[in-house]
Amino acid sequence: MRLFMMMCRVEEDSTSSTISAMEKLSVSDENSEPGYRASPPSADSKDQSTTETETPTSADSFMFCRTNSEASTSSEQTDDNCSSSEPSPLCWPSVKSGRHNQITFDGLGLKQQKQFLDEKLYNLESMDSAAVALETMKERFAKLLLGEDMSGSGKGVCTAVTISNAITNLYATVFGQNLRLEPLNPEKKAMWKREMNCLLSVCNYIVEFAPTLQTLPDDTMVEVMTSRPRSDIFINLPALRKLDAMLLEILDSFQKTEFWYAEHGSVTPSSTCRGSFRRVIAQRKEEKWWLPVPCVSPGGLSEKARKHLQQKRDCATQIHKAAMAINSSILDEMDIPDSYMTSLPKSGRASVGDTIYRYMHAADKFSPDHLLDCLNISSEHEALDLADRVEASMYTWRRKACIGNSKPSWTMVKDFMLETGRSDKNYMLAERAESLLLSLKQRYPELSQTSLDICKIQYNRDVGQAILESYSRVLEGLAFNIVAWIEDVLFVDTSMRNQDQ
């Protein structure tokens, strides 16, 4: 009996070991198939041992797992089929791919955030620059209203002189460092237009009253005083605005040029521009050593570039003449201050000198150009001194021509001069002095303002005349500079072509 029981136990053990071996073999065969997918865990699998549940995670099962770099539709299908609460080995690549996508999305988010921060910083900088410009405008208008007297005690200059100084200072700020034929800096151009519009806006409220006929509802004609822009502003201000725009267009046309500039003293002997080729003429003297020296290639400028320079020079010359004519007409309309009339010499002959007086008095046919050639003026200082003396003698002779008539105001004196016969010696000398002064200003167009002009601007109280005079004066100076710069380049071009020949 005992022997029989032992035999049965041995047989049972061998049977169970055989079954266990067969199950392991079947599991190994299923894991070896390429299409193997782990089945969802059943209720029976919970009763199995830990070694049996971890059997699918053998080394062979990783042979068919896709890496992150192998992207295909099968991996997407695997992700859809992996709905089990316990992930299988073949679901791991999809998890890694999800982490990779998350990293990519994080990188895009950082890039967008960086762009947002850059835009925000740019907006802040723009706001800061706008705030600075606004504060600058407030400061300048405060000085304008205070008459340049920051104490506020009312001891400042009048409004006309303040606006005139503001336009002059604005021109010096914008164009003071511009010494070349090149487009104006965009920031300075915007500043010039913005602030000039503010200063010129005063002219919109300078009006004059004129009678006009209006018809009432009952067909009755009545004469009513209506306001309109003052005639001198209505005529001259649009012309000055047009000249201003034309000068900026001339500068903008020199973007890509065949010439360049070298600072004075930086040109070596071996360079194409040997020293300064600036022509020594009355308008441009060599003592202006700080001006940059224009340079061109050894062959000179092309025919197209040369024609472009000549065209722009002619245009700038016409602009200069127009601005100078407007400035002269405005200065002539200004009243002569009493302080200037009281400072005039008693004798016109003592003012101009014996040599000039004898020529002006004795010549049958007076030629101001011939007289200027005989004087041989060598510097701008001498020309300005002569202009002051001739102008003073002119008004001295005019005053003597009407000294017998007791007319106090200078306006009445001018009216009397028109009525006086040309046989009067003082009248003749005054006319010849005026022609000599005009020829002197035409020969030296860069001549500074005379003592009378400065006195008129200083004591002027008319705001409209102050704006027109200062605006035309700065445009006249800019046009003259452009003409001089173009002539410098053309002179260098001519010198280079002569050297090649």
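## Hairpin

How many residues lie between strand 1 and strand 2 in the hairpin, and which residue in the turn has a positive phi? In this predicted model, five residues separate the two strands of the hairpin, and the turn residue with a positive phi, of about 65°, is Asp 219.

Strand 1 covers residues 207-215 and strand 2 covers residues 221-229. Their pairing is antiparallel and runs over nine bridges.

## Nonpolar cores

The largest nonpolar core of the model contains 54 residues. Phe 175, Leu 181, Trp 192, Phe 259, Leu 309, Tyr 471 and Ile 482 have the most contacts inside this core. Two or more residues each come from helix 5 (159-175), helix 6 (186-200), helix 7 (231-252), strand 3 (259-262), helix 8 (303-333) and helix 17 (463-500). Helix 17 supplies the largest share, 15 residues. Apart from this core there is another, of 30 residues, which includes Leu 344, Ile 356, Ala 387 and Met 394. As a general background, nonpolar side chains in soluble globular proteins tend to be buried together.

Trp 192 can be followed through its neighbours. Leaving aside residues up to four places away in sequence, Trp 192 touches Leu 170, Tyr 171, Val 174, Phe 175, Asp 244, Leu 248, Tyr 471 and Val 474. Two of these neighbours, Phe 175 and Tyr 471, are also listed with Trp 192 among the residues with the most contacts inside the core.

## Ser 164

Ser 164 is located in helix 5. Is this residue buried or exposed? Ser 164 counts as buried because its relative accessibility is 2%, and the cut-off for burial is under 20%. With residues up to four places away in sequence not counted, Ser 164 is in contact with Ile 457, Ala 466, Glu 469, Ser 470 and Arg 473.

## Salt bridges

The whole structure holds twelve salt bridges. One of them joins the side chains of Asp 462 and Arg 230, with an N to O distance of 3.0 Å. Asp 462 is partly exposed because its relative accessibility is 23%, whereas Arg 230, at 16%, counts as buried. Both residues also belong to a network of salt bridges that includes Asp 232.

Glu 303 and Arg 306 form another salt bridge, in which the closest N and O atoms are 2.7 Å apart. Why are these two residues separated by about one helical turn? They are three residues apart in helix 8, so about one turn of the helix lies between them. Glu 303 is partly exposed at 47% relative accessibility, while Arg 306 is buried at 11%.

A further salt bridge brings together the side chains of Arg 349 and Asp 354, at 3.2 Å from N to O. Arg 349 has a relative accessible area of 36% and is therefore partly exposed. Asp 354 is likewise partly exposed, at 43% relative accessibility. In general, side chains of opposite charge can pair when their charged atoms come close.

Conventions:
Residues numbered from 1 in each chain as written. Predicted model: local features only at pLDDT ≥ 70, side-chain atom pairs only at ≥ 80, totals over all residues. Heavy atoms only, no water. Core = buried A, V, L, I, M, F, W, Y, C linked by side-chain atoms within 4.5 Å. Buried < 20%, exposed > 50% of the residue type's maximum accessible area, 1.4 Å probe, protein only. Helix = DSSP H or I, 4+ residues; strand = E, 2+ residues; numbered from the N terminus. Contact = heavy atoms within 4.5 Å. Pairing = 2+ DSSP bridges. Salt bridge = Lys/Arg side-chain N within 4 Å of Asp/Glu carboxyl O.
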